[in-house]
Amino acid sequence: MKVGIIGCAHMQAKTYCRALKKMGVEITGVFDRNPIRGTTFAKELSIPFFPSLEKILKTPMDTALICSENTLHYDYTLACAYHKMHVIVEKPLALKKEDAKRMIVACSENNVKLFVAHPVRYAQTVIELKKRYEANELGKILAIVGTNHGKNPGGWFIDKELSGGGALLDHMVHIIDLSKWIFKFEIHTIYARTNSQHEKEIEDSALLHLQFTNGVFMSLDTSWNRPKNYPVWGDATMKIITDKGTIDIDGFGRRSDLYTKEAPMVNHFYEKPMELSMLEDFQRCIDEDLPVTISGSDGLYPVEIAELAYLSANQKKMILLTQNHSKTP
């Protein structure tokens, strides 16, 4: 696998690049629509900068890692697919379900693999939870309380034309993905509310209430409610209530939080970084031509749910899902 970085706007771009270097993967360079941001990124990571998409696609890369603003995921994926590049896209896959479906088709028609970056699947806590659930150790699940908190990232994240949405879109993907991947739960109804305390264009707090077809319900708080002096990463938690008791996990893995008078709070993680495990898995799939482990279809699901959540929030109504469509009761 030889990787070209397409867009470095997302805060995960540096994390992914450092993980790729640790893996010994060749990074052919980076392209970003903002030349100042791109050259600064390239200098810090000691990789070449390319001033256009066309030029980086002519490098020896066989895989594109797209870490651009959300609104550009669609165009960049199609361009890379047409140039016969495998594609790894930062979440969310797209802003509209129809765009996500076209991205999946484009990659399939060009015989390239499409991966979606859902690194929380690779946290050791999440892997252990999935094993325990599949071994029927949890008992009957009654409800799930989910959170994905963080601080307001600022920049293009709060520009609706570039991000497509605020805290709801940014922070609902991981827990929604886990509810499907681990438990195979199908959503029956969605009710969402959003609020904007500090922003004009987008929401900086959101709460979703989901009921699954088996009667289990889940609340999900996706708010950007962490203070500025907190670390970039907040939490991705699930409290699972069962007939045997409760189990609590943080999808970012086991860690300690250090508070001092002199400096902002710092997270210390104990386990292997989930981003590294994810990229190692993707590398195996590409180098050994294995089936995709987190596919375009996996990425499509949160996009569909986000669309329905925004519909619910805008209409202030519960959205009822049927097998083939959704409607407001």
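**Exercise 1.** How many of the seven residues of strand S7 (residues 141-147) are buried? Then work out which strands pair with S7.

*Solution.* A quick note before starting: this is a predicted model, where local features need pLDDT of at least 70, side-chain atom pairs count only at pLDDT 80 or more, and totals for chains, interfaces and linings use all residues. Residues are numbered from 1 along each chain as its sequence is written, and side-chain values use heavy atoms, with hydrogens and water left out.

Step 1. Five of the seven S7 residues are buried, leaving the strand mostly covered. Buried means under 20% relative accessible area, exposed over 50%, and partly exposed in between, with a 1.4 Å probe and protein chains only. Strands (E, at least two residues) and helices (H or I, at least four) are DSSP runs numbered from the N terminus.

Step 2. Look for partners; two strands pair if DSSP finds at least two bridges between them. S7 runs antiparallel to strand S11 (residues 237-242), with six bridges joining them. With strand S10 (residues 217-221), S7 pairs in the parallel sense over five bridges.

Step 3. Pick out Gly146: its bridge partner in S11 is Met238, and in S10 Gly146 stands opposite Leu220.

Step 4. Carry on to strand S12 (residues 245-250), which pairs with S11 in the antiparallel sense over six bridges. Ile241 has Thr246 of S12 as its bridge partner, and the S11-S12 hairpin has two residues between its strands.

**Exercise 2.** Trace the sheet that contains strand S1, and find the helices packed on it.

*Solution.* Step 1. The order is S3-S2-S1-S4-S5-S6, an open sheet of six strands with parallel pairing.

Step 1. Strand S3 (49-50) and strand S6 (114-117) are the edges, each pairing on one side only.

Step 2. At the S3 end, two bridges link S3 in the parallel sense to strand S2 (residues 26-31), and Phe31 sits opposite Phe50 of S3.

Step 3. Helix H4 (residues 73-82) lies across S1, S2, S4, S5 and S6, running at about 170° to S5. Helix H10 (residues 274-287) touches S4, S5 and S6, and its direction makes about 175° with that of S6. Angles run from 0 to 180 degrees between N-to-C directions, with axes being lines fitted to C-alpha atoms, for helices over the stretch in contact.

**Exercise 3.** Describe how helix H1 packs with helix H2.

*Solution.* Step 1. H1 (residues 12-23) and H2 (residues 35-45) pack at an angle of about 35°, with axes 11 Å apart.

Step 1. The contact (heavy atoms within 4.5 Å) uses Ala13, Lys14, Cys17, Arg18 and Lys21 from H1, plus Phe41, Glu44 and Leu45 from H2.

**Exercise 4.** Is Lys130 buried or exposed? And what about helix H9?

*Solution.* Step 1. Lys130 is in helix H6 (residues 124-134). Lys130 counts as buried because its relative accessibility is 14%.

Step 1. Not counting residues up to four places away in sequence, Lys130 touches Trp181, Ile182 and Lys184.

Step 2. Turn to H9 (residues 173-181): seven of its nine residues are buried, so the helix is largely enclosed by the rest of the structure. The buried ones are Val173, His174, Ile175, Ile176, Asp177, Leu178 and Ser179.
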